[in-house]
Amino acid sequence: MAVERIDFMKVPLDIIAPEDLEPVVLELLARGECQHIMFVSILDVLRARHRGEFRNMVLKASLVIPTSKSLIRGARFLKKKAPIRWQPFNLIIGTLGVLEKYYKSVYLLGAQHRSLLQAERNVRSTFPKLSVVGRFAGYYHKSMERNIQTAIVKANPSLVIVGDGVPGGQRWIHRNRAKLHNGIFIWNYDVIDIFSERKRRVPEKTFERGLEYFPQILKNPLRIFRIFQYLWYNILLLYYRLF
């Protein structure tokens, strides 16, 4: 597979170039189990350094894709090969494009019902050769969990996109991977609402500058206190550089 993995402060990060996305997706599909693609930020890397479910999830993920510009800077600071930073929406769109080329299928899970229906319509119109083989809205009763898993397994989609409203977020993929079919699974909180046009995606220039976090602070000012985690991250970088 055209992927290089580096060890970044005891956390794996994968390097995948845009031109290698197609062979990577096809190879993941050729494997015989649930393939979890994870997007990680600085906060995720800090969490994954400690024992527990989140670290185990990162270690078992098929791909761990960095989204924070500071992770790229940190890799360079530690004199490692710098990963390629992906905006989650772009990687998901690219993956859907590859799947459409080979007449594959997708299943949508999560978000509010109206948003999910509109997202399905937009995916069908944008990728006409891609089969949408099922959907289920989020915020469902826990009694529906087994039925949802059964529906996904029977539909056997090449890709399952998981959005908000699914218990545990992307932990849902990790916790249920033994019960799921072979295929690619991606979680992103906003993606289904972006497909439905209920949310706006991060502008490319904002993402390239590493400023995608500021709109989140405007929506929730308490996020400003995460600056302490950012400071701790920089202390760790200095420690690993020195020792």
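**Close-up views of a predicted model**

**View 1. Ser158 sits in the loop between α7 (145–155) and β7 (159–162).** The model shown here is predicted. Is Ser158 buried or exposed? Its relative accessible area is 11%, under the 20% cut-off, so Ser158 counts as buried. Beyond residues up to four places away in sequence, Ser158 touches Leu29, Leu99, Lys104, Ser105, Gly183 and Ile184.

**View 2. The largest nonpolar core holds 34 residues.** Leu96, Ile161 and Phe195 have the most contacts inside this core. Helix α5 (residues 88–101) gives the most to it, with six residues. In soluble globular proteins, nonpolar side chains tend to be buried together.

**View 3. Leu96 and its contacts.** Which residues does Leu96 contact, leaving aside neighbours within four places in sequence? They are Val106, Phe127, Leu130, Leu159, Ile161 and Phe195.

**View 4. Helix α6 (residues 113–126) and what covers it.** Helix α6 has 14 residues. At 1.5 Å a residue, the helix should span 20 Å. Its end C-alpha atoms are 20 Å apart, so the two values agree. Ser115, Leu116, Ala119, Glu120, Asn122 and Val123 are buried in α6. The cover over these buried residues includes β5 (105–109), β6 (131–136) and α9 (191–195).

How values were computed
Residues are numbered from 1 along each chain as its sequence is written. This is a predicted model: local features need pLDDT of at least 70, side-chain atom pairs count only at pLDDT 80 or more; totals for chains, interfaces and linings use all residues. Side-chain values use heavy atoms; hydrogens and water are left out. A nonpolar core is a set of buried Ala, Val, Leu, Ile, Met, Phe, Trp, Tyr and Cys residues joined through side-chain atoms within 4.5 Å. Buried means under 20% relative accessible area, exposed over 50%, partly exposed in between (1.4 Å probe, protein chains only). Helices (H or I, at least four residues) and strands (E, at least two) are DSSP runs, numbered from the N terminus. Contact means heavy atoms within 4.5 Å. The expected span of a helix is 1.5 Å times one less than its number of residues.
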